[in-house]
Each structure stands twice: as C-alpha cells, then as structure tokens.
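Work through the exercises below with the model open. Try each task before reading its solution.

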Amino acid sequence: MTPREANALTAVGLAGLLATVALTAPRWAALLRAPAASLEVEEPASEETAPPVAEGLPAAAGRRINVRLYFEAPDREGLLPEEREVAFSADLARQIRNVVEELAKGSTSGLVPTLPAGTRVLEVFVQARGVAWVDLSSEATTGLPGGSKAELLAVYSIVNSIVTNFPAVSRVRIVVNDQPVTSLGGHVDISRPLPPDMTLVALETPETPPAEPSPPPLR
C-alpha cells in the first residue's frame, strides 16, 4: 500500500468515526462543530505517533481492573493516589468514563474528594490524536469550593487519573454540559486539552527517626 493510499484510508476512517459520533452522540457533534476559537487547533499527527482510536467492543462480563485515582491529600498540599478496582470495558471511552465516575464517588481511604458532590459524567469521547474529552454535569462548576487550590486539584485529579492509567491518552479536555468552558471556577484554564501535571502529587512526609535516649547523668 502506498503512503497516498494509506492516508486516504485514514481519512475515510476518521470521516466514518465522526459520522458515527454525530449519529450516536449529538452532544459530541455539536462540540466538534464549535467555532475554531473555542477549540484547540492541533498540528496533524503522524501515522507513527497517533494513538489508535478505541473501537466499541463489548465489555468482558464481570471482569475488573486495578486503576489509580488521584484525590486531595488530607495532611499536605497536593494529590495522593488511591488504588481501586473498576469494571473493565474493551471500549476506551467507556473505560475512561468508569474511572472518572469512580473519582466522582470520592475516596474510600480517607483522602479528600476533589469533585463536588453530585458531579456526573455525561459523556466521554477519545480523538485519534490521544485527546480524551470528558463532559461533566454542571455540579462540577456550581459546587466547586472557592479558590484556585480546589479548582487546580479538581482539574488535575481528572487529568492525572486518566493519563496515568491509559497510555493511549496524552491530554484531557474538560467540558461542562456539552459546552466548551474556559475554567471550572475562574482560575485554571481548561480551554485546551491538558497534559498531566505530576508535580501536584504530594510527596511523602519522611518519618522522623526516634530520638536517641539521653546518656545517664554522671555521678
């Protein structure tokens, strides 16, 4: 197959994907037709670097996998990971949705939730260039505590939880109620797909060694 033929097949495949999205998920059709100013303009990805598009395969009945979710640390600045079992799906978008839904449920080990109570995942879509779009309900903005810290941790708890678990995804775009937004609370720019930021993961506090006993007094 010549490079020209391969490119033609790729174009046909992407056109079919967009047509499927338009028929099965109207909210994504509206987003992909949004003005260019509200979406990221990306450089064309080469065939060697573009992650594969996930196909909608049926989930394996009863199968579960271990994932790492990021919540706010209760005793220091930043995020801490929590291991959790989630339902397995062979469809990448469905698997990502499972992870974000578990994140919205909150921690099971005493860590601090990063997403407001009631936040729902409306849809997840994965582009061929490794960008995952996550559509959240309005609670993600209306219930968010004030201040840049809570917003920063909410955003990157989502981004880090997705990218660290799924190598096919390199960046995450968060939208709310099917609409592109510039931020969740006015502090963190989410107008473009975001890469993970592992500098926000809290460092373990080193344990203080026990003090050596004092020598007995001289007599």
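**Exercise 1: a charge and a ring**

The charged end of Arg63 lies 4.0 Å from the centre of the Phe88 ring and sits over that ring. The criterion is NZ of Lys or CZ of Arg within 6 Å of the ring centre and within 35 degrees of the ring normal. The model is predicted: local features need pLDDT of at least 70, side-chain atom pairs count only at pLDDT 80 or more, and totals for chains, interfaces and linings use all residues. Residues are numbered from 1 along each chain as its sequence is written, and side-chain values use heavy atoms, with hydrogens and water left out.

**Exercise 2: confidence and layout**

Task: state the mean pLDDT of the protein chain and find a stretch where pLDDT stays under 50.

Solution. Start with the score: pLDDT is the predictor's confidence in each residue, from 0 to 100. The chain mean is 79, and 65% of residues reach 70 or more. Residues 6–26 stay under 50, with 16 contacts beyond four places in sequence; a contact means heavy atoms within 4.5 Å. Residues 35–57 are also below 50, and this stretch has 40 contacts beyond near neighbours in sequence. Where pLDDT is low, the predicted coordinates should not be read in detail.

Next, the layout. The protein chain has 5 helices and 6 strands. These are DSSP runs (helices H or I, at least four residues; strands E, at least two), numbered from the N terminus. Along the sequence the pattern reads α-α-β-β-α-β-β-α-α-β-β. Of contacts with a separation of 6 or more, 65% join residues 24 or more positions apart.

**Exercise 3: helix H3**

Task: describe the span of H3, its ends and its buried residues.

Solution. Step one, the span. H3 covers residues 92–105, 14 residues in total, and reaches 20 Å from its first C-alpha to its last. That is close to the 20 Å expected at 1.5 Å a residue, where the expected span is 1.5 Å times one less than the number of residues.

Step two, the ends. Asp91 caps the N-terminal end, with a side-chain oxygen 3.3 Å from the backbone nitrogen of Ala93. After H3 comes Gly106, with a positive phi near 95 degrees.

Step three, burial (buried is under 20% relative accessible area, exposed over 50%, partly exposed in between; 1.4 Å probe, protein chains only). Buried residues of H3 include Leu92, Ile96, Val99, Val100 and Leu103. The buried residues of H3 pack against strands E1 (64–72), E2 (79–87), E3 (121–126) and E4 (131–136), and against helix H5 (148–165).

Notes
Polar contact = N/O pair within 3.5 Å; in protein donor to acceptor, adjacent residues only side chain to side chain.
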